[in-house]
Amino acid sequence: MASLLYDDINKSFLRKITDYDFFNMNTDDITSQMMECLHGCLSKPYLRRLFTQLILDDEVMEITYELKLNVEEFQDRDFIIEACALGMLVEWLEPQLNSKLLTQQMFTSSKESKWYDQKGQISAMRALMEDSVIKQRKLISDRGYIYNKHLGYDEL
């Protein structure tokens with residue numbers, strides 16, 4: 001079984017966001033939030049089904065895994081990092097879209113609560129979340145298609 005540090009996935013995730021409030025939190029809170037996002041994304045069936053075995057060790061901050069479809073050690077590792085980072089991005093965006101501030105601005109007509117173009121903000125966040133889901137699913141399905149034994153890939 002192969003292993004992968006949470007840090008490797010977290011670095012990829014952090015390259016995908018630019019949230020200054022997130023980066024201003026203390027290190028323990030950031031680590032805890034990223035761990036929750038990682039657990040959340042790996043619990044989703046679309047990603048979880050790729051593994052025959054998956055163990056998340058929060059104490060050592062390491063994932064031990066065995067993929068159903070092994071291609072090459074480094075390619076498998078990079079694939080998991082990217083798929084998890086995209087999943088973490090979705091997990092990170094979802095509560096922000098459902099936040100009290102955005103909901104309040106969307107449903108109220110009071111000028112006091114309209115600090116910025118909330119419709120544009122919500123639309124942009126939804127688009128980013130949908131794009132991330134699509135990218136992750138395309139990454140997973142492309143891998144399954146490209147390394148398919150029935151389509152000529154016999155090196156499995």
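Tutor: Happy to. Axes here are lines fitted to C-alpha atoms, for helices over the stretch in contact, and angles run from 0 to 180 degrees between N-to-C directions. Helices (H or I, at least four residues) and strands (E, at least two) are DSSP runs, numbered from the N terminus. This is a predicted model, in which local features need pLDDT of at least 70 and side-chain atom pairs count only at pLDDT 80 or more, while totals for chains, interfaces and linings use all residues. Residues are numbered from 1 along each chain as its sequence is written, and side-chain values use heavy atoms, with hydrogens and water left out.

First, the setting. The protein chain has 7 helices and 3 strands, in the order β-α-α-α-α-β-β-α-α-α from the N terminus. Of its 156 residues, 35% are buried (under 20% relative accessible area, with exposed meaning over 50% and partly exposed in between, for a 1.4 Å probe and protein chains only). Contact means heavy atoms within 4.5 Å; among contacts between residues at least 6 apart in sequence, 63% join residues at least 24 apart.

Now to the helices. The axes of α1 (residues 6-14) and α5 (residues 73-97) lie 8 Å apart, at an angle of about 55°. The two helices are therefore oblique to each other (angles under 35 degrees count as roughly parallel, over 145 as roughly antiparallel, 65 to 115 as roughly perpendicular and the rest as oblique). On the α1 side, the contact is made by Asp-8, Ile-9, Asn-10, Ser-12 and Phe-13, and α5 contributes residues including Arg-77, Ile-81, Met-88 and Trp-92. By class, this contact has 8 nonpolar, 2 polar and 3 charged residues (Ala, Val, Leu, Ile, Met, Phe, Trp, Tyr, Cys and Pro count as nonpolar, Asp, Glu, Lys and Arg as charged, and the others, Gly among them, as polar).

Asn-10, in helix α1, is buried, with a relative accessible area of 5%. Leaving out residues up to four places away in sequence, Asn-10 touches Met-34 and Met-88.

Helix α5 also packs against α3: their axes come within 8 Å and cross at roughly 110°, which makes α3 roughly perpendicular to α5. Among the residues making this contact are Met-34, Leu-38 and Leu-42 of α3 and Cys-84, Met-88 and Trp-92 of α5. They divide, over the whole contact, into 8 nonpolar, 3 polar and 1 charged.

Leu-42 is in contact with Leu-47, Arg-48, Phe-51, Leu-54, Leu-56, Ile-63 and Cys-84, its neighbours within four places in sequence aside. One of these, Ile-63, lies in strand β3 and counts as buried at 2% relative accessibility. Not counting residues up to four places away, Ile-63 touches residues including Ala-2, Ile-9, Leu-38 and Leu-42. The C-alpha atoms of Ile-63 and Ala-2 are separated by 8.3 Å, although the two are 61 residues apart along the chain.
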